[in-house]
Amino acid sequence: MTVRTRIAPSPTGDPHVGTAYVALFNLCFARQHGGQFILRIEDTDQTRSTDESEQDILRALRWLGLDWDEGPDVGGPHGPYRQSERKDSYAQYAHDLVDKGHAFYCFRTPEELDQIREERKAQGLNPGIKGDLELPAEEVQRRLAAGEPHVIRMKVPDEGTCVIQDMLRGQIEIDWAQVDCQILLKSDGMPTYHLANVVDDHAMGITHVLRGEEWINSAPKHKLLYAYFGWDMPELCHLPLLRNPDKSKLSKRKNPTSINFYERMGFLPEAVINYLGRMGWSMPDEREKFSVAEMIEHFDIQRVSLGGPIFDVEKLRWLNGQWLRDDVSDDEFVARLKDWWFREDALRDLLPHVKGRTEVFSDVAPMAAFMFSGMLDLAPEQFAHNKLEEGQVKRVLQFALWKLEAQRHWSKETIFADIKGLAKAMDLKMGDFMFPIFVAIAGTPNSWSVMDSMALLGPDMTRARLRHALNLLGGFSKKETKRVEKEFAAL
């Protein structure tokens with residue numbers, strides 16, 4: 001048997017370090033067994049998926065030095081490698097399950113589903129969608145003929161236990177009562193992740209699925225689908241989740257999670273991928289610095305520790321320094337620094353903002369330094385404003401951050417629309433509203449348009465600087481955060 005693993009990112013946002021972490025372990029496992037590593041784009045969420053995000057993910061993974069044997073950009077014998085291009089086949093599989101009695105047409109409205117959840121909750125049951133959902137065959141045919149909107153749901157046992165074998169965790173038992181009747185085909189004809197995932201893994205000959213432990217509760221649904229289709233299920237391995245230093249799940253609200261952030265900060269890709277390789281795994285000799293090739297040579301999945309690995313940016317900075325000093329020659333240091341600092345495209349984008357303000361070239365460095373820096377060296381007093389109280393300053397920064405975290409198409413125009421809408425909703429003049437944002441982004445209120453700066457800095461660095469400013473000002477306590485979230489939702 002040829003070992004075949006895969007990574008299947010969803011193109012709905014910035015390329016995430018968690019995606020790179022899982023991709024690295026899949027790559028190492030496949031290469032160590034002389035197998036193949038496949039990249040598949042899971043874009044069943046047509047509302048949030050974008051081409052820009054897909055290209056960004058591919059570029060970021062390539063920057064890290066990860067390589068795949070098959071994928072949307074390199075092709076392969078099991079294409080297409082985008083789920084949106086396989087839409088018709090999923091529908092047929094879903095209808096086949098209905099014909100075999102393993103799935104059913106569900107016409108329940110959102111209101112009816114909410115009532116089912118509440119009733120189950122009141123009975124002390126899992127509030128998932130389960131129970132009396134099916135209609136008589138004659139009624140189903142009448143509604144189908146009338147073109148009523150519907151989904152296809154899988155049938156799930158009400159009693160008993162599902163046993164899952166995991167390469168790291170051994171036997172996992174989950175009560176079927178905790179598993180809901182998952183939607184397989186949505187009303188728009190697109191499959192859900194669960195159906196598409198199983199069908200694609202089978203069609204692409206995936207033998208081992210290494211994924212994050214958050215998918216453990218979905219494993220019974222997948223096992224059931226494999227049984228319904230009569231297919232062999234790949235071996236499962238649920239990797240531990242990356243954690244913030246406070247042991248909470250790694251999230252962009254507490255830690256920079258975009259691969260783009262680390263590239264923009266000037267980290268070496270070798271150091272970033274090395275650090276991800278140390279997340280729950282170690283070399284036999286326990287050395288901390290190693291290349292992907294060395295990791296593949298010594299890789300053993302059984303060396304993965306189930307304790308939540310801590311992603312600590314300060315530790316990554318230390319490791320990056322080791323790479324810079326030990327593995328980068330003086331000539332290469334100069335070349336890499338030049339590539340990072342004097343990127344022609346970035347400098348050209350800055351021309352409209354610096355050329356008209358420049359008399360001699362030495363004017364450029366102090367004027368544009370914030371565009372080539374990481375986190376700015378700020379002091380709380382820089383945010384003092386004669387028309388904004390401290391609480392208002394923090395709210396401006398927090399609300400702007402939350403708004404921009406939801407931004408799907410990053411441009412000066414979309415940023416301006418978000419910021420202007422927030423200022424109006426908060427009943428603040430634009431000049432007053434923009435003051436703390438100018439300081440957070442540029443380090444001073446006396447810079448060119450901060451909208452242009454945020455557009456050029458990109459979403460990852462912009463959000464990181466807003467978050468940095470908030471932390472500098474003390475942020476909000478847990479109790480305050482709940483209140484502030486309600487205020488934001490009401491805007």
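The structure, a predicted model, holds 19 aromatic pairs.

**Exercise 1.** Determine how the rings of Y275 and F311 are arranged and which parts of the chain they link.

*Solution.* Step 1: the ring centres of Y275 and F311 are 5.4 Å apart, and the planes make an angle of 70°. Step 2: an angle over 60 degrees counts as edge-to-face, and the pair of Y275 and F311 is accordingly edge-to-face. Step 3: Y275 belongs to helix α9 (residues 269-277), while F311 lies in the loop between α10 (292-298) and α11 (313-327). The two residues are 36 residues apart, and the pair links distant parts of the chain. Step 4: both Y275 and F311 are buried.

**Exercise 2.** Classify the pair of W341 and F372, and state whether each residue is buried or partly exposed.

*Solution.* Step 1: the centres of the W341 and F372 rings lie 6.1 Å apart with the planes at 5°, so the pair is stacked. Step 2: this pair also links distant parts of the chain, with W341 in helix α12 (residues 330-341) and F372 in the loop between α14 (364-368) and α15 (390-405), 31 residues apart. Step 3: W341 has a relative accessible area of 37% and is therefore partly exposed. Step 4: F372, at 10% relative accessibility, counts as buried.

How values were computed:
Residues numbered from 1 in each chain as written. Predicted model: local features only at pLDDT ≥ 70, side-chain atom pairs only at ≥ 80, totals over all residues. Heavy atoms only, no water. Phe/Tyr/Trp six-rings, centres within 6.5 Å; stacked < 30°, edge-to-face > 60°. Helix = DSSP H or I, 4+ residues; strand = E, 2+ residues; numbered from the N terminus. Buried < 20%, exposed > 50% of the residue type's maximum accessible area, 1.4 Å probe, protein only.
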